[in-house]
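Me: I'd like to talk through this fold with you, one question at a time. Can you put it up first?

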Amino acid sequence: MTSPAVIEVEGLKKLFPIRRGPFGRAAGHVVAVDGVSFSIAEGETLGLVGESGCGKSTLARAMLRLIEPSAGRISLGGRDITHLGRKALRPYRRQMQIIFQDPFASLNPRMPAGEIVGEPLKVHGLADAAERKARVAALFARVGLDPAQMRRFPHEFSGGQRQRIGIARALALNPRLIVGDEPVSALDVSIQAQVINLMMDLQEEYRLAYLFIAHDLAVVGHISHRIAVMYLGGIVELAEKRALFASPLHPYTEALLAAVPVADPKARRERRLLAGDVPSPLAPPSGCAFHTRCPYAVARCKTERPALSEAAPGHLVACHLRAPGTSDPDALAAGAG
């Protein structure tokens with residue numbers, strides 16, 4: 001039986017105005033997130049990967065209503081929260097939490113660690129001082145910290161310990177969904193493994209839904225159930241992780257996987273070097289956003305944007321050459337030439 005969806009995102013867009021002139025008038029827009037749709041079930045991790053600047057963090061913040069989406073729909077537990085006001089949204093904020101990339105910048109340097117973890121309980125009025133202290137002590141112990149350290153300040157902890165504090169703070173309100181915005185990228189490799197294993201244990205214990213953002217495909221492949229690949233504001237491929245790693249369908253995904261170092265020479269993929277650089281979101285290409293770098297691009301790719309469609313059961317891809325009923329992309333590309 002499939003677990004119910006904790007969050008559903010449909011056609012989410014985020015535009016930022018380009019302001020020019022002495023009066024800061026809008027002279028256009030940058031499309032940071034362009035019509036993204038997905039859902040995350042209870043106890044599931046959706047990994048989100050892509051190059052820097054492709055819109056991953058903006059998508060996460062718009063989904064959590066930390067910034068306002070320009071269009072689309074966000075449903076949390078079946079309730080549309082897209083247009084809820086601040087007061088009406090407040091109970092739903094308890095169900096959605098985030099772990100930030102930098103474990104030092106995300107913690108108030110003037111507050112003891114115990115107060116940082118207990119602050120969400122205080123803000124939402126969920127416990128008195130004694131109850132907060134007991135809850136914080138239990139959270140410290142659960143994430144592998146000594147409750148005796150609750151009075152220490154963030155600078156007295158290591159990077160891995162600070163990220164554990166961030167995880168404890170995210171858990172304080174018993175959320176249903178946690179967004180990890182590159183939560184291990186600032187940590188040493190050995191510490192990364194400890195934090196990821198902790199997050200996986202917590203997910204199993206509390207049936208948490210995760211949106212896990214990262215650059216490292218090995219990390220994403222370890223923690224995720226499904227993976228979404230993002231390019232220039234849109235999702236170009238979304239599949240169960242084994243299917244994605246075994247048979248990527250989008251040329252961009254192929255290039256990402258081919259660039260991952262593999263110890264076994266027999267398991268290495270043919271390296272596919274992408275031409276050019278990532279286009280500027282100020283002037284995105286027409287048609288398929290990837291066509292300027294794609295080795296398989298045909299005339300249609302330059303004029304028509306491909307929809308994210310199901311090429312195989314549970315395997316979605318936004319590519320004209322991989323849509324149902326098309327031939328092998330190599331043959332098509334050769335024919336176009």
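Me: Which residue just after H3 takes a positive phi?
Reply: This is a predicted model, where local features need pLDDT of at least 70, side-chain atom pairs count only at pLDDT 80 or more, and totals for chains, interfaces and linings use all residues. Numbering runs from 1 along each chain as its sequence is written, and side-chain values use heavy atoms, with hydrogens and water left out. Helices (H or I, at least four residues) and strands (E, at least two) are DSSP runs, numbered from the N terminus. Just past H3, with a phi of about 60°, sits Gly-125.

Me: Which helices do the buried residues of H3 pack against?
Reply: H3 covers residues 113–123, and its buried residues include Ile-116, Val-117 and Leu-121. Buried means under 20% relative accessible area, exposed over 50%, partly exposed in between (1.4 Å probe, protein chains only). A contact means heavy atoms within 4.5 Å. The packing partners are helix H4 (129–142) and helix H5 (159–171).

Me: Is Arg-65 buried or exposed?
Reply: Most residues other than glycine have a negative phi. Arg-65 isn't a glycine, yet its phi is positive, about 65°, and it's found in the loop between helix H1 (56–63) and strand S4 (71–76). Because its relative accessibility is 7%, Arg-65 counts as buried.

Me: And Asn-174, buried or exposed?
Reply: Asn-174 is also a residue other than glycine with a positive phi, near 55°. Its place is the loop between H5 and strand S7 (177–181). At 53% relative accessibility, Asn-174 counts as exposed.

Me: What share of the contacts between residues at least 6 apart in sequence join residues at least 24 apart?
Reply: The protein chain has 11 helices and 12 strands, and 46% of its 337 residues count as buried. Among those contacts, the share joining residues at least 24 apart is 63%.

Me: How far apart do the centres of the positive and negative side chains lie?
Reply: Lys and Arg count as positive and Asp and Glu as negative, with His and the chain ends not counted. Each charge is placed at NZ of Lys, CZ of Arg, CG of Asp or CD of Glu. There are 41 positive and 32 negative side chains, and the centres of the two sets are separated by 6 Å.
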